[in-house]
Amino acid sequence: MSLQSVLIIGASGYIGRPVAQEFLSQKSKFARVAILSDVSKVEKFAEIAKSGMEIVVGSFLEPDSFKGFTTIICMLGNHAMKYQPEIIDAAISAGVTNFYPSEFGSDISQGAYLSNRYFRDKQITREHLAKVAENHKGFGYTLMITGSFAEYAANPVFGIDPEEGTFDFFGPKEKKEPFTGILDVAKYVVASVLMLESKNQSETPCRTFRIPTAVYSWEEVIQTLSRVQGKKYTCTYHPNSEAHKLAQKYASEGDVDKELGYALKAMIGDPNEEGVPKPWDHDKFPDIHPESLETSLRRYFGK
Ligand SMILES: NC(=O)c1ccc[n+]([C@@H]2O[C@H](COP(=O)([O-])OP(=O)(O)OC[C@H]3O[C@@H](n4cnc5c(N)ncnc54)[C@H](OP(=O)(O)O)[C@@H]3O)[C@@H](O)[C@H]2O)c1
């Protein structure tokens, strides 16, 4: 099979930047690698364009933007990921044969993830992909299930304030979370696209890669952060139900960001839920040797 032509959407985002860099560093293995940019945002990509990345200027809602590409990597954030069903339709009509939806987190095919508000647009996108794949022979999609980003262990989203040295969590300290460093996520994405070259047409249209590096209890996460930063943390553990109540309160006030934030905190703290159940798929990537949480955090803090 011929080499893949890859178009990246959301390349200026948190996970988009390292993924775009990794594609650039392995560019010779692809027929084409490019970033899709809205005309108003091209300047954001001036530096990576100088390093050799192709920039396609256009809208992700127009089939013309996707012409000549086989694979789309979509890394839109919370607000824009709702456009994915339209993006997928535009991509398919332009001849795209594989789509990576903006997943990059927990396995949302199970447990309370199926109904939690935070994952609604990801669920709608998955449903759409399954439906269109039935009607378009030769079209497939890939779900990258990474667990949490290791660098997000230092992010307020999870209740951690690395400056103040505080941790505010809606669940028990024994609750476990799977993590992958973002540089490793980028390597897995690129390696999984390269595997498409040997994909058997009779395979199911959906490929799923579960690739967290390891799971850690939140107590271990805080101990690791504390060691890396050389800082003592003050931890407050709230009942999980409080996060659900706060998500409902902000939903009724129309504050979508806070509603989503607390829906996510409720999910992460829920002692009955597991982010990425095993089996995992590391054996499919023998050349990738992922970082531990501590190594990722040391890199993040420059220690
Ligand atoms: N597992 C984890 O711990 C974790 C953590 C974070 C994110 N994630 C997941 O990773 C994925 C990407 O999230 P992120 O945090 O990397 O996103 P992000 O930093 O918010 O970046 C989103 C990207 O989408 C682009 N974008 C947003 N609105 C757009 C629009 N209307 N038109 C065109 N482009 C638009 C942004 O470009 P502009 O800035 O130019 O608008 C940016 O490049 C999501 O699925 C998210 O759930 C997982």
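Me: Which residues of α1 are buried?
Reply: In this predicted model, the buried residues of α1 are G16, P18, V19, A20, E22, F23 and L24. Helix α1 spans residues 16-25, and with seven of its 10 residues buried it is mostly covered.

Me: How do α1 and α5 pack, in angle and axis distance?
Reply: Their axes are 8 Å apart and the packing angle is about 50°, which makes α1 oblique to α5. The crossing in which α1 passes α5 is right-handed.

Me: And which residues meet there?
Reply: From α1 the contact takes P18, V19, E22 and F23, and these meet I182, L183, A186, K187, V189, V190 and V193 of α5. Sorted by class, that contact has nine nonpolar residues, two charged residues and no polar ones.

Me: What about α3, is it enclosed or open?
Reply: Helix α3 (residues 84-93) is largely enclosed by the rest of the structure, because seven of its 10 residues are buried. Those buried residues are Q84, P85, I87, I88, A90, A91 and I92, and what covers them includes β1, β4, β5 (98-100) and α4 (120-135).

Me: Which residue after α3 has a positive phi?
Reply: That is G95, which follows α3 and has a phi near 100°.

Me: Changing topic: how many disulfides does the structure hold?
Reply: The structure holds zero disulfides. For C74, the closest cysteine sulfur is that of C206, and at 16 Å the two sulfurs are too far apart for a bond. A pair would have to lie within 2.5 Å to count as a disulfide.

Me: Is C74 buried or exposed?
Reply: C74 counts as buried, because its relative accessibility is 0%. C206, by contrast, is partly exposed, with a relative accessible area of 25%.

Me: Back to helix pairs, then: at what angle do α7 and α8 pack?
Reply: Helix α7 (residues 240-252) packs against helix α8 (residues 256-269) at an angle of about 165°, and the axes are 8 Å apart. The two helices are therefore roughly antiparallel to each other, and α7 passes α8 in a left-handed crossing.

Me: Which residues make that contact?
Reply: On the α7 side they are N240, A243, H244, L246, A247, Y250 and A251, and on the α8 side they are K258, E259, Y262, A263, K265, A266 and G269. By class, the residues of the contact divide into eight nonpolar, three polar and three charged.

Me: What do the axes of α6 and α9 do?
Reply: The axes of helix α6 (residues 218-229) and helix α9 (residues 293-301) cross at roughly 40° and come within 10 Å, which makes α6 oblique to α9. Here the crossing in which α6 passes α9 is right-handed.

Me: Which residues of α6 and α9 meet?
Reply: V221, T224, L225, R227, V228 and Q229 of α6 meet L293, E294, L297, R298 and F301 of α9. That contact has six nonpolar, two polar and three charged residues.

Me: Now some loop lysines. Where is K27?
Reply: K27 sits in the loop between α1 and β2, and at 36% relative accessibility it counts as partly exposed.

Me: What does K27 touch?
Reply: Leaving aside residues up to four places away in sequence, K27 touches V33 and G52. The C-alpha atoms of K27 and V42 are separated by 20 Å, with the two residues 15 apart along the chain.

Me: And K44, where is that one?
Reply: K44 is placed in the loop between β2 and α2, and at 56% relative accessibility it counts as exposed.

Me: How many residues apart are K44 and S12, in sequence?
Reply: K44 and S12 are 32 residues apart in sequence, while in space their C-alpha atoms are 7.3 Å apart.

Notes: Residues are numbered from 1 along each chain as its sequence is written. This is a predicted model: local features need pLDDT of at least 70, side-chain atom pairs count only at pLDDT 80 or more; totals for chains, interfaces and linings use all residues. Side-chain values use heavy atoms; hydrogens and water are left out. Axes are lines fitted to C-alpha atoms, for helices over the stretch in contact, and angles run from 0 to 180 degrees between N-to-C directions. Helices (H or I, at least four residues) and strands (E, at least two) are DSSP runs, numbered from the N terminus. Angles under 35 degrees count as roughly parallel, over 145 as roughly antiparallel, 65 to 115 as roughly perpendicular and the rest as oblique. A crossing is left-handed if the near helix is turned anticlockwise from the far one by less than a right angle, and right-handed if clockwise. Contact means heavy atoms within 4.5 Å. Ala, Val, Leu, Ile, Met, Phe, Trp, Tyr, Cys and Pro count as nonpolar, Asp, Glu, Lys and Arg as charged, and the others, Gly among them, as polar. Buried means under 20% relative accessible area, exposed over 50%, partly exposed in between (1.4 Å probe, protein chains only).
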